[in-house]
Amino acid sequence: MPNELAIIGAGNMAEAIVRGILRGGVLAADQLVAADISPERRAVFADKVGVRAVESNVEAVAGARRVLLAVKPQMMKAALEQIAPGLPHDALLVSIAAGISSGFIERSLGRGIHWRVIRTMPNTPMLMGHGMVGLARGQYATADDVADARRLFEAAAEVIELDEDKLHAVTAISGSGPAYFFFLVEQMIKAGVELGLSREQAYRLATRTAYGAAAMMTPDTDSPEELRRKVTSPNGTTHAAITHMEQAGLPAIVVEALKAADRRSRNWGCEAVPGSCSGRLAVFLDSRL
Ligand SMILES: NC(=O)C1=CN([C@@H]2O[C@H](COP(=O)(O)OP(=O)(O)OC[C@H]3O[C@@H](n4cnc5c(N)ncnc54)[C@H](OP(=O)(O)O)[C@@H]3O)[C@@H](O)[C@H]2O)C=CC1
Ligand SMILES: O=C(O)[C@@H]1CCC=N1
């Protein structure tokens with residue numbers, strides 16, 4: 001079978017994407033190969049996902065039509081150096097790494113080739129078929145490449161295309177976003193226990209409420225503001241809780257937290273890959289390494 005997709009870094013996010021690809025019938029398992037330095041992750045792909053898993057990145061990209069770059073940002077430079085010599089000149093590169101620019105990937109692969117790169121920011125709800133993906137094209141990627149990359153994600157996610165600079169904001173909102181909701185549910189469980197419920201009761205009440213509330217937020221239903229209004233009786237219990245959150249500064253805290261994630265995405269690439277960006281930020285970060 002042709003090597004339709006080589007995965008470099010068979011971690012959690014790659015697994016979510018590949019499961020979507022297989023579930024949606026976008027590609028068959030024998031058209032994929034995954035490379036990872038971790039024997040445990042190779043075993044997960046081989047035994048649980050059903051995809052051939054190899055240790056060598058070079059072996060994985062041989063003859064590949066597309067390559068999914070799914071290692072952590074700080075491993076990206078090494079991974080690109082490993083695959084560059086044997087990568088087919090017409091392979092489409094699809095990256096999911098936070099903060100790593102398409103330009104850096106193009107330059108690292110080098111060889112005088114105009115590498116076609118699609119940079120994306122997915123999220124873990126792809127595992128459940130409810131992901132959200134931001135996608136941006138590098139300077140040499142074509143509209144066909146965008147459509148091709150979209151297909152890889154659309155079986156398990158909604159995909160929006162944006163300019164590459166907007167991917168930092170996408171990372172702050174939807175890439176990291178699931179963790180914010182999990183964090184809130186963790187605090188609700190703690191509160192339930194403090195209010196006298198058993199942990200099991202609090203867990204069930206908080207997690208099922210989160211699930212139900214999420215299911216109510218579809219494009220066809222009321223806005224989040226309106227949904228909230230319908231729960232909030234004048235001077236009632238919800239009003240008491242939301243008023244406390246507002247007076248304690250939660251709205252500004254959430255906005256500032258997401259701005260911190262955006263900033264981190266912007267400097268993550270520079271820090272993970274010294275020399276990969278220019279300007280004052282790069283000098284500052286390089287001086288700390
Ligand atoms: N997790 C998330 O919610 C999201 C993650 N992302 C991005 O996805 C990427 C992967 O994240 P995630 O799946 O969470 O990370 P994981 O650590 O789960 O997966 C990365 C995998 O790559 C392996 N690896 C490290 N170096 C190499 C190498 N040179 N060649 C091949 N494999 C290698 C790692 O092995 P070992 O552990 O032994 O180092 C690990 O198994 C990151 O760039 C992240 O920014 C994007 C959106 C959401
Ligand atoms: O925390 C991170 O850096 C990655 C990117 C988005 C979600 N996880």
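Q: Between which elements does the loop with Gly 11 lie?
A: As a friendly heads-up, this is a predicted model, where local features need pLDDT of at least 70 and side-chain atom pairs count only at pLDDT 80 or more, while totals for chains, interfaces and linings use all residues. Residues are numbered from 1 along each chain as its sequence is written, and chains are lettered from A and ligands numbered from 1 in the order in which they are written. Helices (H or I, at least four residues) and strands (E, at least two) are DSSP runs, numbered from the N terminus. The loop holding Gly 11 runs between strand E1 (5-8) and H1.

Q: What is the largest C-alpha distance among the residues that UniProt lists for "binding site"?
A: The unreviewed UniProt entry lists Ile 8, Gly 9, Ala 10, Gly 11, Asn 12, Met 13, Ala 70, Val 71, Lys 72 and Pro 73. They are spread over 66 residues of sequence but cluster in space, with a largest C-alpha distance of 14.1 Å.

Q: Which element gives the most to the shell around ligand 1?
A: A residue counts as near a molecule if its C-beta atom, placed from the backbone, lies within 6 Å of it. Of the 28 residues around ligand 1, Gly 9, Gly 11, Met 13, Ala 97 and Ala 98 come nearest. Two or more residues are given by each of helix H1 (12-23) and helix H4 (73-83). With four residues, the element that gives the most is H4.

Q: How many residues around ligand 2 are polar?
A: Ala 98, Thr 171, Gly 175 and Ser 176 are the residues around ligand 2. Ala, Val, Leu, Ile, Met, Phe, Trp, Tyr, Cys and Pro count as nonpolar, Asp, Glu, Lys and Arg as charged, and the others, Gly among them, as polar. This shell has one nonpolar residue, no charged ones, and a polar count of three.

Q: By how many degrees are neighbouring strands of the sheet turned on average?
A: Eight strands form an open sheet with mixed pairing, in the order E3-E2-E1-E4-E5-E6-E7-E8, where strands pair if DSSP finds at least two bridges between them. The edge strands, each pairing on one side only, are strand E3 (52-54) and strand E8 (157-161). With direction ignored, neighbouring strands are turned against each other on average by 25 degrees.

Q: Which residue of E3 stands opposite Ala 35?
A: Strand E2 (residues 32-35) pairs with E3 over three bridges, in the parallel sense. Opposite Ala 35, E3 places Val 54.

Q: How many charged residues are in the contact of H4 with H5?
A: The axes of H4 and H5 come within 9 Å and cross at roughly 35 degrees; axes are lines fitted to C-alpha atoms, for helices over the stretch in contact, and angles run from 0 to 180 degrees between N-to-C directions. Residues are in contact if their C-beta atoms, placed from the backbone, lie within 7 Å. Lys 77, Leu 80 and Glu 81 in H4 meet Ile 105, Ser 108 and Leu 109 in H5. By class, this contact has three nonpolar residues, one polar, and a charged count of two.

Q: Is the crossing of H8 and H9 left-handed or right-handed?
A: Helix H8 (residues 177-194) and helix H9 (residues 199-216) pack at an angle of about 145 degrees, with their axes 8 Å apart. A crossing is left-handed if the near helix is turned anticlockwise from the far one by less than a right angle, and right-handed if clockwise. The way H8 passes H9 is right-handed.

Q: What percentage of residues 164-267 is helix?
A: The unreviewed UniProt entry annotates residues 164-267 as "domain: Pyrroline-5-carboxylate reductase dimerisation"; such positions are in the numbering used here, feature names are shortened, and annotations may be inferred rather than shown by experiment. The end C-alpha atoms of residues 164-267 lie 15 Å apart.

Technical notes: Two residues are in contact if their C-beta atoms, placed from the backbone, lie within 7 Å.
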